[in-house]
Amino acid sequence: MTTRNDALRCALALAAVASVGFAPAVQAKTASVLADDFSFSPATVKIKKNDKVRWTNVQGSHSVTMSKGGQDLDDILSGSGEVTSAKFKKKGSFSYLCTFHSDEGMKGKVVVR
Ligand SMILES: [Cu+2]
């Protein structure tokens with residue numbers, strides 16, 4: 001019976017809307033990017049305003065260098081497991097690169113919506 005399923009689906013949808021409605025604030029999320037030899041993975045992350053991106057070094061030495069779009073970041077991840085993060089407060093498309101491996105095309109992008 002489709003009508004019963006539709007009713008159930010509707011109830012679940014309403015419950016989901018209600019739970020979101022009672023949440024104190026929109027929860028900021030953190031997107032994870034891995035820095036490896038010689039790429040960022042994923043190369044492009046899409047986040048929402050006020051979300052964070054966290055870069056984790058898998059191996060080698062890398063930098064996360066970003067200067068355009070009002071988001072200044074120049075952190076060096078010199079060892080395996082080293083981490084840096086940034087919060088993005090403006091919408092836009094922010095390209096960054098690893099200054100050590102820019103010749104190898106080690107770059108990424110953060111798209112903030
Ligand atoms: Cu690098």
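Serine 63 stands opposite isoleucine 76 in E6. That strand, E6 (residues 73–77), pairs with E5 in the antiparallel sense over 5 bridges; two strands count as paired if DSSP finds at least two bridges between them. The model is a predicted one, in which local features need pLDDT of at least 70 and side-chain atom pairs count only at pLDDT 80 or more, while totals for chains, interfaces and linings use all residues. Residues are numbered from 1 along each chain as its sequence is written.

The protein has 1 helix and 9 strands. These elements are DSSP runs numbered from the N terminus, with helices (H or I) of at least four residues and strands (E) of at least two. Read from the N terminus, their order is α-β-β-β-β-β-β-β-β-β.

An open sheet is made of 4 strands in the order E2-E1-E4-E7, with mixed pairing. Its edges are strand E2 (39–41) and strand E7 (83–87), each of which pairs on one side only. From one strand to the next the twist averages 25°, where axes are lines fitted to C-alpha atoms (for helices over the stretch in contact) and angles run from 0 to 180 degrees between N-to-C directions. Within this sheet, E4 (residues 52–57) and E7 pair in the antiparallel sense over 5 bridges. Arginine 54 has serine 85 in E7 as its bridge partner.

One joins aspartate 37 and phenylalanine 38, with omega about 0°; phenylalanine 38 is placed in the loop between strand E1 (30–36) and E2. Another joins serine 41 and proline 42, with omega about -5°, and proline 42 is in the loop between E2 and strand E3 (44–47).

The loop between E3 and E4 contains asparagine 50. Its phi is near 75°, a positive value in a residue other than glycine. Is asparagine 50 buried or partly exposed? Asparagine 50 counts as partly exposed because it has 15 C-beta neighbours inside 10 Å. The cut-offs, applied to C-beta atoms placed from the backbone, are 20 or more other C-beta atoms within 10 Å for buried and 12 or fewer for exposed, with partly exposed in between.

Lysine 89 lies in the loop between E7 and E8. Lysine 89 is exposed because 11 other C-beta atoms are within 10 Å. Leaving aside residues up to four places away in sequence, lysine 89 touches Lys49 and Asn50; such a contact requires C-beta atoms, placed from the backbone, within 7 Å. Lysine 89 and aspartate 51 are 38 residues apart in sequence, and their C-alpha atoms are 7.6 Å apart in space. For the protein, 46% of the contacts between residues at least 6 apart in sequence join residues at least 24 apart.

Of the 113 residues, 17% count as buried. In E5, which is mostly covered, 4 of 5 residues are buried. The largest nonpolar core has 14 residues, of which Ala35, Trp55, Val64, Phe94 and Val110 touch the most other members. E4, strand E5 (62–66), strand E8 (92–97) and strand E9 (107–112) each supply at least two residues of this core. A nonpolar core is a set of buried Ala, Val, Leu, Ile, Met, Phe, Trp, Tyr and Cys residues joined through C-beta atoms within 7 Å. In soluble globular proteins, nonpolar side chains tend to be buried together.

Definitions and conventions:
Two residues are in contact if their C-beta atoms, placed from the backbone, lie within 7 Å.
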